[in-house]
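Here is a short report on a single model.

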Amino acid sequence: MHRIFAKRFMVLVMSFSLLGTFLPSISYAGMIGTQTLIENQQSDESRSRVEKFISQENVREQIIALGANPAEVQERLAALTGDELRYLEQNIDNMPAGGILAVIGIVFIVLLILELVGVIDIFKKT
């Protein structure tokens, strides 16, 4: 008696689950505003310029001298918002050639802020 009921119940469950696979999936699409598109493009350009600057050998040496791992710096740069990237990029453009330490200092401050907020964990807590 229980076996027949269990088989019928399973057939019913499987039938409904198969019917669900043939229903069309619902997806929502919307228009992307021009301002959003422009901000995304500017963010990508800023990110590439800052990454190019950070990848320079003298900057990399200073990052290591400050005690940060260059791989972690790249990870943290990836976590920056568009506004933070634009601020960093503007400071790179406005600094004289000898202002590399200031840029590294800004990167270090951004890394420290991200550490304090809890986005990353560079200083391992034991």
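## Fold

How many helices and strands make up the secondary structure of the protein chain? The predicted model has six helices and zero strands. Helices (H or I, at least four residues) and strands (E, at least two) are DSSP runs, numbered from the N terminus. The order from the N terminus is α-α-α-α-α-α.

The protein chain has 126 residues, and 25% of them count as buried (under 20% relative accessible area, 1.4 Å probe, protein chains only).

## Confidence

Mean pLDDT, the predictor's confidence in each residue from 0 to 100, is 76 for the protein chain. A value of 70 or more is reached by 84% of residues. Helix 2 has the highest confidence, with a mean of 81. Helix 5 (residues 82-94) has the lowest, at 74. Where pLDDT is low, the coordinates should not be read in detail.

## Helix 2 against helix 4

Helix 2 spans residues 34-54 and helix 4 spans residues 70-79. Their axes, lines fitted to C-alpha atoms over the stretch in contact, lie 11 Å apart at an angle of about 165°. That makes the two helices roughly antiparallel (over 145 degrees, on a scale from 0 to 180 between N-to-C directions).

From helix 2, Arg47, Val50, Glu51 and Ile54 meet Val73, Gln74, Leu77 and Ala78 of helix 4 (heavy atoms within 4.5 Å). By class, this contact has five nonpolar, one polar and two charged residues.

## Basis

Residues are numbered from 1 along each chain as its sequence is written. Local features need pLDDT of at least 70, side-chain atom pairs count only at pLDDT 80 or more, totals for chains, interfaces and linings use all residues, and side-chain values use heavy atoms, without hydrogens and water.

Terms used: Parallel < 35°, antiparallel > 145°, perpendicular 65-115°, else oblique. Nonpolar A, V, L, I, M, F, W, Y, C, P; charged D, E, K, R; others polar. Buried < 20%, exposed > 50% of the residue type's maximum accessible area, 1.4 Å probe, protein only.
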